[in-house]
Amino acid sequence: MSEDVSRPEARSITFDEMEDNYIEQIEALMKEGVDGILIETIFDTLNAKAAISAFMQVKERMGRDTELLLSMTASDSSGRLLSGQTVEAFVTSVMYA
């Protein structure tokens, strides 16, 4: 997440760096034969999208039909993620996966 609330695009790591880290982790898990990948406790959709992108790349490269599950965290009674996104907006942003 951004370290500056007035600049939500400001990050200390790039999308590509985050995606590369997820690729390494997901590849290792899938090589060991996991049945599914759970991307959990999502509070930042951009981070989740890096993990989803990594999963899709590894799945295609390995030719495996591995399941993907997502678990997001609503931070309070407003029903929003910590980053401020609504549950409906989150689902819309990751529905392609």
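These are my notebook entries on a predicted model of one chain, written as I looked things up.

**Ground rules**

I count residues from 1 along each chain as its sequence is written, and my side-chain values use heavy atoms, with hydrogens and water left out. Since the model is predicted, local features need pLDDT of at least 70 and side-chain atom pairs count only at pLDDT 80 or more, while totals for chains, interfaces and linings use all residues.

**Entry 1: the overall fold**

I started with the secondary structure and found 3 helices and 2 strands. Here helices (H or I, at least four residues) and strands (E, at least two) are DSSP runs, numbered from the N terminus. Reading along the sequence, I wrote down the pattern α-β-α-β-α. I then looked up the extent of the chain: its C-alpha atoms fill a box of roughly 40 × 25 × 20 Å, taken along the principal axes.

Next came burial. I call a residue buried under 20% relative accessible area, exposed over 50%, and partly exposed in between (1.4 Å probe, protein chains only). The areas come from the Shrake-Rupley method with a 1.4 Å probe, and for residues only the protein chains shown count as cover. Of the 97 residues, 26% count as buried.

**Entry 2: the core**

Which residues have the most contacts inside the largest nonpolar core? I noted Ile26, Met30, Ile37, Ile39, Ile42, Phe55 and Leu68, in a core of 16 residues. Two or more residues each come from helix 1, strand 1 (36–42), helix 2 (45–62) and helix 3 (87–94). Helix 2 gives the most, with 6 residues. For the record, a nonpolar core is a set of buried Ala, Val, Leu, Ile, Met, Phe, Trp, Tyr and Cys residues joined through side-chain atoms within 4.5 Å. A reminder to myself: in soluble globular proteins, nonpolar side chains tend to be buried together.

I also looked up alanine 50, found in helix 2. Is alanine 50 buried or exposed? Alanine 50 counts as buried because its relative accessibility is 0%.

**Entry 3: salt bridges**

My rule is a side-chain nitrogen of Lys or Arg within 4 Å of a carboxyl oxygen of Asp or Glu. How many salt bridges does this rule give? The count comes to 2.

One of them joins glutamate 27 and arginine 61, with the closest N and O atoms 2.9 Å apart. Glutamate 27 is in helix 1 and arginine 61 is in helix 2, so this pair ties together parts 34 residues apart in sequence. Glutamate 27 is partly exposed, because its relative accessible area is 22%.

Lysine 59 pairs with aspartate 65, and there the closest N and O atoms are 3.8 Å apart. Lysine 59 is partly exposed at 27%, whereas aspartate 65 is exposed at 67%.

**Entry 4: surface patches**

For patches I take residues with over 30% relative accessible area and no salt bridge; like charges are joined within 9 Å, and nonpolar side chains (Val, Leu, Ile, Met, Phe, Trp, Tyr) within 5 Å. Lys and Arg count as positive and Asp and Glu as negative, without His and the chain ends. I place each charge at NZ of Lys, CZ of Arg, CG of Asp or CD of Glu.

Which residues form the negative patch? I noted Asp16, Glu17, Asp20 and Glu24. Aspartate 20 sits in helix 1 (residues 15–31) and is partly exposed, at 47% relative accessibility.

Val87, Val91 and Met95 make a nonpolar patch of about 260 Å². Valine 91 lies in helix 3 and is partly exposed at 40%.

**Entry 5: distances along strand 1**

How far is its C-alpha atom from that of glutamate 67? The separation is 4.4 Å, for residues 31 apart along the chain.

Threonine 41 is also placed in strand 1, and is partly exposed at 41%.
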